[in-house]
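User: I would like to learn how to read salt bridges and helix ends in a model. Can you take me through one?

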Amino acid sequence: MLRVAAARALRNAGVARVSAVRASSHQASAPQSLAKSKHGNLPGSSSSPLTTQLHFFNSVLEETQIPTYRVLDSAGQVIEGAQAPELDRDFARRIYEIMMMLPALDNVLYNSQRQGKISFYMTSYGEEASVVGSAAALEPTDEVLGQYREMGVLVWRGFTLDRLMGQCFSNELDAATKGRQMPVHFGSTDLHFHTISSTLATQIPQAAGVAYALKRDPDRRGKSCAVCYFGEGAASEGDFHAGLAMASVLGGPLIYFCRNNGFAISTPATEQYSGDGIAARGPGYGMDTIRVDGNDALAVYSAMKEARRRAVEGNKAVLVEAMSYRVGHHSTSDDSFAYRAKQEVEDWKKIDNPHHRLRKYLESKGWWSAEDEEATRASQKKQVMAAFQQAEKLKKPPLDNLFNDVYDKLPWNLVEQRNELKRLMGKYGETWAPWKAERAKFKNAGKEFESTE
């Protein structure tokens, strides 16, 4: 019980551990009605009200912390004073079903990496409500720039399990990266999902450019927006500040969605920053900002819906910080129990489970039942296993893709390399067992190299 109580206190405190002292100092020193200063305003673009008070501040909200928007309590009940979004039965069920699909996929693919069948994987454990709740609030043509845990956005948009497995297994169904990227680095042109990059935070300034392009395009202006996902660890990169500065000045419909799961790769949030989270940075760039309970799918949906409205109608950037907890390890290369207690993770699963909260809400509406739960789990497991078994059997993309898709015309050095591979394939491809076995793994078995340049 003491451990449970401690975990609950941790959730309620959030970033309060970092800024509680500041809040008390603000109360003592905050000036009165600066906006109505009798001394006038600073000339120029700032128009800042003038004051005779020597006042320092370190919070975007005087006398308080940034609040966290919530609709459902931990038992799935609508909190007094909160308003649940108007969702119909089928739409609400679909949010929950896709939230359920993510751990079904994670279980199989995480174990596949452990068995050596794929090289790498990252799970969405604990962050399903943030990802799927936000995806449900977007339009299908909104441009998404993801980080690592946005697989749920693609599944929501109709990315098939075969294509998903194809990317992770680098087989011929990997239409976006053609077997040349790490697993979970998805991309889909038809679903407006920009290919994920391993390099941390590069998508943040890129999103500013995408939003600016939407602003300038008369066919898409006022209809679509860009959405950029990232973790609070990425917000420690210089690209975060460069991107927000660009977006705030250039304009364009853009939502920056920060998944603050508390740990980055392996560093607790309390050691990443001393301010009031990531949301505190938004107003510094002139952005409308909200902090939302990332484990509350309905709150995330409502916050994202309003953020999108503001971004599209105002042709500007909006910042959303979703407070969550990474239940899984950062990736298959991480052992999170080296920097946090295993019992802490187990307590979070029980106290603030995003699946439990939405399920209880649906049950209270008569939209879900124990029978639905059992049938859906069985069906999803069957679908995932079928896609997994097919992915193992399919060939890798054609070997010629090794040289394609970077240059319109191959430069001389790549032409030389391609010719060298062709020569070696002719010499060893059918006679030396290791080459012959490797060649057989590719679609067309490398026969494209048999043709004349």
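**Salt bridges and helices, step by step**

Analyst: Start with helix α13 (residues 412-428): Arg423 and Glu420 both lie in it, three residues apart, about one turn of the helix. Keep in mind that this is a predicted model.

User: What do the side chains of Arg423 and Glu420 form?

Analyst: A salt bridge needs a side-chain nitrogen of Lys or Arg within 4 Å of a carboxyl oxygen of Asp or Glu. Arg423 and Glu420 meet in one, at 2.8 Å from N to O.

User: Is Arg423 buried, partly exposed or exposed?

Analyst: Buried means under 20% relative accessible area, and exposed means over 50%. Arg423 has 45%, so it is partly exposed. Glu420 has 36%, so it is partly exposed too.

User: Which residue forms a salt bridge with Arg357?

Analyst: Asp352 does; the closest N and O atoms are 2.6 Å apart. Check the setting as well: Arg357 and Asp352 are both buried.

User: How many salt bridges does the structure hold?

Analyst: It holds 34. Asp288, Glu306, Arg309, Arg310, Glu313 and Lys316 are linked in a network of salt bridges.

User: Now helices. What span should the 26 residues of helix α3 have?

Analyst: Take 1.5 Å times one less than the number of residues. For α3 (residues 89-114) that gives 38 Å.

User: Which residue with a positive phi follows α3?

Analyst: Gly116 follows α3, and its phi is near 80 degrees.

User: Where is Ala437 placed?

Analyst: Ala437 sits in helix α14 (residues 433-439). Its relative accessible area is 47%, so Ala437 is partly exposed.

User: How far apart are Ala437 and Met151 in sequence and in space?

Analyst: Read both separations. Ala437 and Met151 are 286 residues apart in sequence. In space, their C-alpha atoms are 33 Å apart.

Definitions and conventions
Residues are numbered from 1 along each chain as its sequence is written. This is a predicted model: local features need pLDDT of at least 70, side-chain atom pairs count only at pLDDT 80 or more; totals for chains, interfaces and linings use all residues. Side-chain values use heavy atoms; hydrogens and water are left out. Buried means under 20% relative accessible area, exposed over 50%, partly exposed in between (1.4 Å probe, protein chains only). Helices (H or I, at least four residues) and strands (E, at least two) are DSSP runs, numbered from the N terminus.
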